[in-house]
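I opened the model to look up a few local features, and I keep my notes here in the order in which I made them.

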Amino acid sequence: MAFPSLMGGSRGRNMKGSVLVVALDLTMVALLFSANGASAAVGVIALNGNPHTQWHKVCYAFKRYCIQGGAALVISMLGSFFFLCLVLLFTFNLHRTTLNY
């Protein structure tokens, strides 16, 4: 119920509020994907190790940790893509309603 009041009603006539919501949503999408990339990088280090810093392969000792981490990464990526689709859908609907005015 907060979105229609922020946007100035259900028709979305307040363009400044709508653009602000889209900009903040896109910022959140960027943060989600960068967090997924960082967790994937940590997962690669856990899987392969790093001989330069003497970090050993963690996945050979803790197989369940790597399986759960991989599953969490996949679910997080799916959630990020779903949120990106929602942002694109909202932006498309906003563009479509502003063309009618």
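I first looked up leucine 89, which lies in helix H3 (residues 63-99); helices here are DSSP runs of H or I with at least four residues, numbered from the N terminus. I note that the model is predicted, that local features need pLDDT of at least 70 and side-chain atom pairs pLDDT 80 or more, while totals for chains, interfaces and linings use all residues. Residues are numbered from 1 along each chain as its sequence is written, and side-chain values use heavy atoms, with hydrogens and water left out.

I recorded leucine 89 as partly exposed because its relative accessible area is 47% (buried means under 20%, exposed over 50%, partly exposed in between, with a 1.4 Å probe and protein chains only).

I then turned to the loop between helix H2 (15-48) and H3, where I found glutamine 54. Its phi is near 60 degrees, a positive value in a residue other than glycine, and I noted that most residues other than glycine have a negative phi. Glutamine 54 is exposed, since its relative accessible area is 58%.

Last, I asked how many aromatic pairs the structure holds, and I found one (ring centres within 6.5 Å; planes under 30 degrees apart are stacked, over 60 edge-to-face, the rest tilted). Phenylalanine 33 counts as partly exposed at 25% relative accessibility, and phenylalanine 81 is partly exposed at 41%.

Methods: Helices (H or I, at least four residues) and strands (E, at least two) are DSSP runs, numbered from the N terminus. Rings of Phe, Tyr and Trp (its six-membered ring) pair if their centres lie within 6.5 Å; planes under 30 degrees apart count as stacked, over 60 as edge-to-face and the rest as tilted.
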